[in-house]
Amino acid sequence: GLYIAPGLSFEKQRLTYSPNFGDYTTEFDYKIRRTSGVLTTGYCLHIGPITLGARAGFSLGKYTWSGPNDIFGDSLNNVQWPVKTSVLTHLGFEVGFNF
């Protein structure tokens with residue numbers, strides 16, 4: 001059947017940036033976070049013990065990060081006007097065996 005699924009997404013990432021400065025290497029640690037609202041719609045079809053499905057949706061949120069230097073600027077948020085935010089789309093297919 002057809003479904004619509006609203007939700008929330010919480011993401012955390014850690015990044016270690018290691019530029020090479022001649023004879024020594026310095027490491028810089030960053031933490032990247034994103035909280036977003038998600039809306040997905042899809043369709044599942046059950047044929048005996050097999051499930052087939054497809055889904056598509058988008059998420060709307062904002063990346064924030066902390067670290068020693070500004071290496072990201074505004075590049076993590078792909079929409080800059082009227083507010084800085086990030087819009088991501090997703091598409092998925094599924095095949096499952098029910099037992």
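Predicted model: local features only at pLDDT ≥ 70, side-chain atom pairs only at ≥ 80, totals over all residues.
**Surface patch**

At least two residues of the patch come from each of the strands β4 (28-47), β5 (50-66) and β6 (86-97). Strand β4 gives the largest share, 3 residues. Phe97 is classed as exposed because its relative accessibility is 61%, over the 50% cut-off.

In soluble globular proteins, nonpolar side chains tend to be buried together. The largest nonpolar core in this model consists of 5 residues, namely Phe28, Tyr30, Ile32, Tyr63 and Phe72. Of these, 3 residues, the largest share, are supplied by β4. Beyond its neighbours within four places in sequence, Phe72 contacts Leu15, Tyr30, Ile32 and Trp65.

**Thr40**

Thr40 is also found in strand β4. Its relative accessible area of 10% is under the 20% cut-off, and Thr40 is therefore buried. The side chains of Thr40 and His90 form a polar contact at 3.0 Å. When residues up to four places away in sequence are not counted, Thr40 touches Tyr3, Ile4, Ala5, Arg55, Ala56, Gly57 and His90.

The two residues with stated accessibility are listed below.

| Residue | Relative accessible area | Class |
|---|---|---|
| Phe97 | 61% | exposed |
| Thr40 | 10% | buried |

Methods:
Residues numbered from 1 in each chain as written. Heavy atoms only, no water. Helix = DSSP H or I, 4+ residues; strand = E, 2+ residues; numbered from the N terminus. Buried < 20%, exposed > 50% of the residue type's maximum accessible area, 1.4 Å probe, protein only. Core = buried A, V, L, I, M, F, W, Y, C linked by side-chain atoms within 4.5 Å. Contact = heavy atoms within 4.5 Å. Polar contact = N/O pair within 3.5 Å; in protein donor to acceptor, adjacent residues only side chain to side chain.
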